Amino acid sequence: MDKTFAIEALNLTKYYGETLAVDQVNFEVRRGEIFGFLGPNGAGKTTTIRMLSGLSQPSAGAIRVLGYDIGSEIVEAKKGFGVVPEYSNLYGELTAQDNLIFAAQLYGVPRQQRKRRAEELLETFGLLEKKDAHFATLSKGMKRSLTIAAALIHNPQLIFLDEPTVALDVVNARSLRSLVRELNRRGVTVFLTTHYLEEAAMLCDRIAILLQGRIIVIDTPDNLKQRVKAEHACEVRFAPMPTEVMELEGLESVYRVERSGAGFRLYGESMPDIVQAVFTYASQKGLEIVFISTTSPTLEDAFVQLTGIAPEVMLVEKGVK
Amino acid sequence: MWKDNLRGIYYIALKDMKTYYLKPPAVSWGIVFPVAWILAFYLRSPQDFEKLLPGLIAMTVLFSTTAAEAVVINLELRLGSLERLLLAPISLPAVLLGKALGGVIFGLIMTGLVTSSSILLFRPQVNMLYLALILLPSLLVFSSLGALLCVMVKEVFEAQTLLNFPRFLMIFLCGVVYPISAMPVGLMHLAYLLPLTYTVDGLNYALGINGNINIVVDIILLTAFIPIFIFPAAKLLAKRFA
């Protein structure tokens, strides 16, 4: 059994009829890392999770999860991982506690530990007061939390989270992210798909960007940002303000200028050069710099440049906006 | 692994009992319909009712098990919660057997009530061993048949509609409504292809009425129908999630 990798996918391919959904995908997820899967709708993220978790058979390729071959040792592999699907799909007619106990029964948690484990998770997710409420009556955030709790009932070594924060409000999404970090600190490997680039940047050790069924890049968030052809921006306000934008456009190292509120936003490839040019200009013109701020490329910029897709498009596709 | 599967089958059936047995489609098709049918037959000819008992018990087995399958499978297919079971560390056939067991238990409760009240009211000659040996495979056969048809569609109403075709075909050809021996040859052959025919025949033996086939043959053929339905059901379910 390989102790290094939690997931190994080799030439993973999936056809639905004639349609190629996942195209020879190769990647490894190291034990103990948070691995992000980013991509627009239809990129193959959920199909990949379904294959990794044994729910769907690959058309070609091989998968090992926690050292087990998914084709021949699926039941053993399933004992070591939990899955949180995109939609909260527990049983509406069962109470919060009964849902967790049923999950414990299915996963073979010893009888004497089931209730205690369920209560621990209810407490962790702030649902202890709702333990006797039917799942159908819980709020969207509570349903999501309980679905995640159910996936953790057997203390898995690996958890698949498919769009965990979709439809959650800001507070719930934030607490969920903290929980993911906490789980990871305890040694749980996390495989996460998300439409939220910021979320991926905050949580993930490495990110794979998937487009049209193929992985186009796998790297750390920092390295992905550095891959972007740099477009640094510098926001500046002078006193008095120059009336002509053209003067600023003529500055060396600045290739674009936009009005931004009460000031200007200057774009260029090198931040030190832009800042230097701004100070030289102010000094030559006898202007005072009353405000200056700089921004570097984000994961969003990297994503846009690598995929050609605006991040807003993903959120709209997902019905988030 | 077999321990994991047995555990899964047991807890899935237990959860289905808690969750779905009082759902309207289970009550209407699995309880109200057979009871209404029995009452209709009784009111029409109370003096011959004893002779109709095997057919009516068989019909109760058929409707209660298949109605329960439509609920335990299709409600979960629609809500996506069947996926949860397939993600658990148990095999797909075990998930399906758990679902079939849910139908068997619902059918057993209904059939037990109908059979015991009929025995108390009409006091027929009952061979309890025959009764058990016929009812057990029958419950499994019709629950498996229900599972097979239910995994073909998504919604509960679609499943109930689809189930009505074999249900009514079997009711009219099993020998209760019209004697098999008096049927045209083609229909007679068809009748012997249907499991309800053997349930009715076996129940005839169990309730002191002479059957046409042989109780041992009835039991063997009913048992043989179980894999004929359950294996394709497992294949279809796997294909559905492929």
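## Cysteines

B:Cys174 has a relative accessibility of 5% and therefore counts as buried, the cut-off being under 20%. In chain A, A:Cys234 is likewise classed as buried, because its relative accessibility is 0%. These values, like those that follow, come from a predicted model. Over all chains the count of disulfides comes to zero, a disulfide being a covalent bond between the sulfur atoms of two cysteines.

## Confidence in chain B

The mean pLDDT of chain B is 89, and 100% of its residues reach 70 or more. Among the elements of this chain, helix H6 (residues 128-150) of chain B has the highest mean pLDDT, at 95, whereas helix H2 (residues 24-44) of chain B has the lowest, at 80.

## The interface between chains A and B

Chain B meets chain A through 26 residues of its own, which are in contact with 27 residues of chain A. Between them the two chains bury about 2,400 Å², and 58% of this area is on carbon and sulfur atoms. On the chain B side, the residues that lose the most area to chain A are B:Tyr11, B:Arg84 and B:Leu87, which together account for 31% of what that side buries.

## Helix H5 of chain A

Helix H5 (residues 140-151) of chain A has twelve residues, which at 1.5 Å a residue should span 16 Å, and the distance of 17 Å between its end C-alpha atoms agrees with this expectation. The helix is mostly covered, with nine of its twelve residues buried; among them are A:Arg144, A:Leu146 and A:Ile148.

The buried residues of H5(A) pack against elements of both chains. In chain A these are strand E6 (81-84), helix H3 (96-106), helix H4 (111-124), strand E7 (158-162) and helix H6 (170-185), while chain B contributes helix H4 (82-87).

The domain assignment divides chain A into domain 1 (5-224) and domain 2 (229-296), and the C-alpha centres of domain 1 of chain A and domain 2 of chain A lie 45 Å apart.

A:Val245 lies in helix H9 (residues 245-249) of chain A, and its relative accessible area of 22% means that A:Val245 is partly exposed. Leaving aside neighbours within four places in sequence, A:Val245 is in contact with A:Val257, A:Arg259 and A:Phe264. A:Glu182, by contrast, is 63 residues from A:Val245 in sequence and 49 Å from A:Val245 in space, C-alpha to C-alpha.

Note on methods:
Residues are numbered from 1 along each chain as its sequence is written. Chains are lettered from A and ligands numbered from 1 in the order in which they are written. This is a predicted model: local features need pLDDT of at least 70, side-chain atom pairs count only at pLDDT 80 or more; totals for chains, interfaces and linings use all residues. Side-chain values use heavy atoms; hydrogens and water are left out. Domain bounds come from an automatic or database domain assignment. Helices (H or I, at least four residues) and strands (E, at least two) are DSSP runs, numbered from the N terminus. The expected span of a helix is 1.5 Å times one less than its number of residues. Buried means under 20% relative accessible area, exposed over 50%, partly exposed in between (1.4 Å probe, protein chains only). Contact means heavy atoms within 4.5 Å. A disulfide is a pair of cysteine sulfur atoms within 2.5 Å. pLDDT is the predictor's confidence in each residue, from 0 to 100. Buried area is the accessible area (1.4 Å probe) that two parts lose on being put together, summed over both.
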